[in-house]
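Please work through the following exercises with the sequence and the model at hand. Each task is followed by a worked solution.

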Amino acid sequence: MTDHAIRVSSQKTEKASLLYDPKVRSIFFQILTAAIVVLAVWSISHNVATNLARANIASGYGFLAGRSGFDIGFALIPYSSDGTYGRAILVGLVNTLLIAFTGVITATIIGFIIGIGRLSKNWLIAKLCTVYVEVFRNIPPLLVIFFWYSGVLAFLPVARESWKLPIGMFLNNRGLFFPKPLWGEGAEAIPVALLIGVIITVFVGRWAKKRQMRTGQQFHTIWTGIALIVGLPVLTFLALGAPLSFDFPNAGRFSLSGGSVIAPEFVALYLALSFYTAAFIAEIIRAGIRGVSKGQSEASFALGLQPSQATRLVVVPQAMRIIIPPLTSQYLNLTKNSSLGVAIGFPELVSTGGTTMNQTGQAVEVISIWLVVYLAISIATSLLMNWFNARMALVER
Amino acid sequence: MKKTLLSAALGAAAMSFGFASAASADTLSDVKAKGFVQCGVNTGLAGFAQPDSSGNWKGFDVDYCKAVAAAVFGDVSKVKYTPTTAQSRFTALQSGEVDLLVRNTTWTINRDTALGFNFRYVNYYDGQGFMVPKSLNVKSALELSGAAVCVQSGTTTELNLADYFKANKLEYKPVVFEKLEEVNAAYQAGRCDVYTTDQSGLYSLRLSLSNPADHVILPEIISKEPLGPAVRQGDDKWFDIVTWAGYAMVQAEEFGITQANVDEMKNSTNPDVRRFLGVEKDTKIGTDLGVTNEWAYNIVKGVGNYGEVFERNIGQNTPLKIQRGLNALWSKGGLQYAPPVR
């Protein structure tokens with residue numbers, strides 16, 4: 001036995017040169033792969049630098065500090081043509097984040113409704129939801145955006161025949177005009193009051209849960225919370241003597257002047273992305289709920305839970321574990337699809353960056369900014385969702 | 001294993017060389033080697049560059065591409081067209097995707113220097129204007145305060161617009177699109193009150209609207225827009241050919257040489273004309289330029305002189321009905337002037 005083993009190993013050292021050693025092989029191939037990657041990156045960047053230098057194109061990010069000279073129609077942060085290119089790109093980024101944030105929320109809500117609707121026992125509701133999913137899932141997002149944009153523009157009246165809405169609002173094909181709130185002195189206290197309301201609600205919630213664990217008594221946390229979060233700011237507002245006035249939109253020569261406006265481009269992009277992504281989210285929700293075995297709800301009924309309680313306390317928490325990971329991908333998709341807004345003239349990141357690129361000729365730099373920014377947004381979303389997923393994950397006991 | 005290493009190294013080397021040749025400094029040799037001129041044009045601007053019903057590109061700028069092909073190959077058909085948007089055009093030229101850009105592109109110092117291009121010949125002297133629906137009853141651009149303005153992104157137009165409204169203390173809302181068709185659609189849908197671009201462009205765009213007569217072009221011209229072909233910096237030989245193709249068309253008009261009479265003119269006794277058409281003995285004008293001595297003859301034979309190209313594509317007998325104006329010959333009060341071919 002020992003003899004045999006020695007013979008085998010000596011045979012190995014004789015015959016098998018390093019060439020056949022799996023360890024050596026794997027290290028060699030790893031080094032080779034790394035070398036190829038490094039070489040490729042180096043050769044690409046070297047060529048870019050050489051070609052730029054040969055074409056006498058200035059490179060570097062210094063251009064971001066230059067005066068942009070162009071205006072942007074929809075900016076959430078103060079911006080004018082005297083601002084810098086960097087600022088213009090920032091305006092685009094803020095608009096992208098706005099679309100992503102509002103879109104994700106709306107898409108999730110619609111997706112939940114449609115997804116649960118597909119599981120409904122009501123034939124009509126279930127079929128309608130199926131039709132919705134099949135229609136929106138099978139159309140390219142760009143077409144959905146065009147559909148909403150031309151739909152919005154065709155449906156709404158021209159500026160001079162604006163529809164009058166209550167509380168001084170107007171609607172026309174230039175957007176939704178509404179009175180712009182002008183806060184007076186001391187108004188900063190109102191958001192502070194709101195924050196305090198939220199914090200107290202959180203503590204009340206914790207206390208209520210502890211008490212329920214201890215005594216079994218339930219506390220109306222929701223109503224208390226609403227009273228705190230809404231009531232505190234309202235009280236502060238009244239105590240300050242209502243420091244609020246409005247700038248109402250008025251009919252100007254071309255359109256309405258004054259007030260605030262939500263541009264139709266934003267509405268079209270927001271609706272299109274929400275409705276499009278909702279179709280995918282609906283399927284994820286349906287899969288998640290279907291993924292919870294029937295025995296779970298049967299067991300909860302057996303314990304005497306109401307159907308709504310069974311859904312809320314037993315089925316949904318388990319379904320969430322299946323839902324969250326694919327939901328993250330959909331959130332990322334929605335964020336990335338917001339770049340299609342460039343086609344309808346919504347000034348998001350790709351739009352303002354593209355204009356900057358064209359005015360300065362710094363294609364490589366602008367594209368690198370795009371890549372880094374989208375990557376950062378996506379990674380941040382992923383991290384947030386992973387954290388949420390870890391919280392919801394099944395704790396094995 | 002050695003084989004693997006070798007092939008990997010070869011692959012990487014091929015890759016880096018492949019990238020390096022993307023924008024060569026000798027465009028003429030490249031063009032001759034591939035057998036055609038790759039010309040960057042507009043995606044579709046009536047009269048300037050637009051494919052007809054059978055897919056052939058036609059227009060004022062397209063004829064310029066053809067003139068360059070005629071100078072290099074003696075054959076106007078040796079052109080391939082790359083439609084470019086206002087945003088993609090510069091990258092297309094910088095990267096070597098196109099050999100020259102003839103796309104209503106304004107010559108500015110920034111584009112001449114920082115963007116790495118060269119401009120010299122101006123094939124159309126233009127200026128930025130405004131178009132509004134007649135129903136708005138606007139007589140001057142100074143009445144446009146508060147208007148929503150449709151504009152194409154990444155153009156000098158966009159910058160002039162901001163400057164003009166700022167200088168005159170007027171408010172406006174820009175509505176910016178990347179593609180011309182998108183701007184048209186938005187203007188037509190009433191998303192904006194005003195359409196602004198170069199005046200030549202406005203004339204052309206007005207035609208594509210459903211009711212051209214319902215729209216009026218305002219009298220103000222708010223900028224200088226010298227439009228001309230652009231090439232990459234650092235390739236003087238190719239730059240010379242591209243610019244002199246334009247000058248040749250202007251010179252031909254000045255001499256009265258047309259597409260119809262160019263063969264006849266070869267027998268002219270005028271030494272200037274003979275030198276121009278390459279029939280003078282021992283002439284080296286064409287070969288010094290890097291093409292054949294018949295280059296000017298080929299251009300005129302292929303597309304005609306400047307006046308003919310203008311009239312055929314955008315002049316009085318076309319739907320655009322653009323006056324020569326600034327684009328008349330210098331001898332007729334315009335700015336079209338060619339240095340001597342000598």
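The exercises below concern a predicted model and treat a sheet, a chain interface and a pair of domains.

**Exercise 1.** Determine the strand order of the open sheet of four strands in chain A, and explain why one side of E1 and of E8 is left without a neighbour.

Solution. Begin with the order, which is E1-E2-E3-E8 in chain A, with antiparallel pairing. Next, consider the edges: strand E1 (163-165) and strand E8 (260-262) of chain A each have a single partner strand, so one side of each lacks a neighbour in the sheet. From one strand to the next, the twist averages 20°. Finally, inspect the pairing of E2 (residues 169-172) with E3 (residues 175-178) in chain A, which is antiparallel and runs over three bridges. Here Leu171(A) is placed opposite Leu176(A) of E3(A).

**Exercise 2.** Describe the side of chain A that touches chain B.

Solution. H2(A) provides the largest share, ten residues. Third, classify the residues of this side of chain A: 19 are nonpolar, 19 polar and four charged.

**Exercise 3.** Characterise the two domains of chain B and the contact between them.

Solution. Start with the bounds: domain 1 of chain B covers 25-125 + 227-332, and domain 2 covers 128-223. The C-alpha centres of these two domains of chain B are 29 Å apart. Then turn to the contact, in which 16 residues of domain 1 meet 15 residues of domain 2. On the domain 1 side, eight residues are nonpolar, eight are polar and none is charged.

Terms used:
Residues are numbered from 1 along each chain as its sequence is written. Chains are lettered from A and ligands numbered from 1 in the order in which they are written. This is a predicted model: local features need pLDDT of at least 70, side-chain atom pairs count only at pLDDT 80 or more; totals for chains, interfaces and linings use all residues. Two strands pair if DSSP finds at least two bridges between them. Helices (H or I, at least four residues) and strands (E, at least two) are DSSP runs, numbered from the N terminus. Axes are lines fitted to C-alpha atoms, for helices over the stretch in contact, and angles run from 0 to 180 degrees between N-to-C directions. Two residues are in contact if their C-beta atoms, placed from the backbone, lie within 7 Å. Ala, Val, Leu, Ile, Met, Phe, Trp, Tyr, Cys and Pro count as nonpolar, Asp, Glu, Lys and Arg as charged, and the others, Gly among them, as polar. Domain bounds come from an automatic or database domain assignment.
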